[in-house]
Amino acid sequence: MTSPIQRIVGQVFIPVRDMPRAVAWYADLLGFEPGETSHEGTIFDIPTDGDTRLALDANRPDFDPAGPPRFFFWTQDMAETVEHLQDRGVKITSDVEDIGSVFFVQFEDPDGNPLMVCQRA
């Protein structure tokens, strides 16, 4: 069976309530200079490496962040990543887990969104 829908993720939206705070937090976490928002201050495109885009979205401040992480970031060094999170006072919600193919750790952004970083085993 074929489909006209490509199996390529174009952009992931992260819901946020306070755009300036979210931009500053993600800029510090991911190491980029904050820039300008778009769409009357409700969208911020995070600079990414690769084809998948990432955007902070303040269009629906009544969102519920419950549930598992909806995507993950890659890392080459899990120990350094955990230290980076701890140095920034990030709420880490899991131990580093080894599931065979990857190691991962879960954490939350200031809006309670569940996030995850994985390292290939």
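**Reading a predicted model, from E40 outwards**

Visitor: Is E40 buried or exposed, and what is its relative accessible area?

Guide: E40 is exposed, with a relative accessible area of 84%. Exposed means over 50%, buried under 20%, and partly exposed in between (1.4 Å probe, protein chains only). This is a predicted model, where local features need pLDDT of at least 70, side-chain atom pairs count only at pLDDT 80 or more, and totals for chains, interfaces and linings use all residues. Residues are numbered from 1 along each chain as its sequence is written, and side-chain values use heavy atoms, leaving out hydrogens and water.

Visitor: Where does E40 lie, and what is its phi?

Guide: Most residues other than glycine have a negative phi. E40 has a positive phi of about 60° although it is not a glycine. E40 lies in the loop between α1 and β2. Helices (H or I, at least four residues) and strands (E, at least two) are DSSP runs, numbered from the N terminus.

Visitor: What is the phi of H39, and where does H39 lie?

Guide: The phi of H39 is positive as well, about 50°, and H39 is not a glycine. H39 is in the loop between α1 (19–30) and β2. With a relative accessible area of 57%, H39 is exposed.

Visitor: How many bridges join β2 to β3?

Guide: There are 4 bridges between β2 and β3 (residues 53–57), and the two strands run antiparallel. As an example, I46 has L54 in β3 as its bridge partner.

Visitor: Where is the place of G100, and how far are its C-alpha atom and that of E83 separated?

Guide: G100 sits in the loop between β6 (97–98) and β7 (102–108). G100 counts as exposed because its relative accessibility is 53%. The C-alpha atoms of G100 and E83 are separated by 22 Å, and the two residues are 17 residues apart along the chain.

Visitor: How many helices and strands are there in the whole protein?

Guide: The protein has 2 helices and 8 strands. Along the sequence they follow the pattern β-α-β-β-β-α-β-β-β-β. Of its 121 residues, 38% count as buried. Its C-alpha atoms fill a box of roughly 45 × 40 × 25 Å, taken along the principal axes.

How values were computed:
Pairing = 2+ DSSP bridges.
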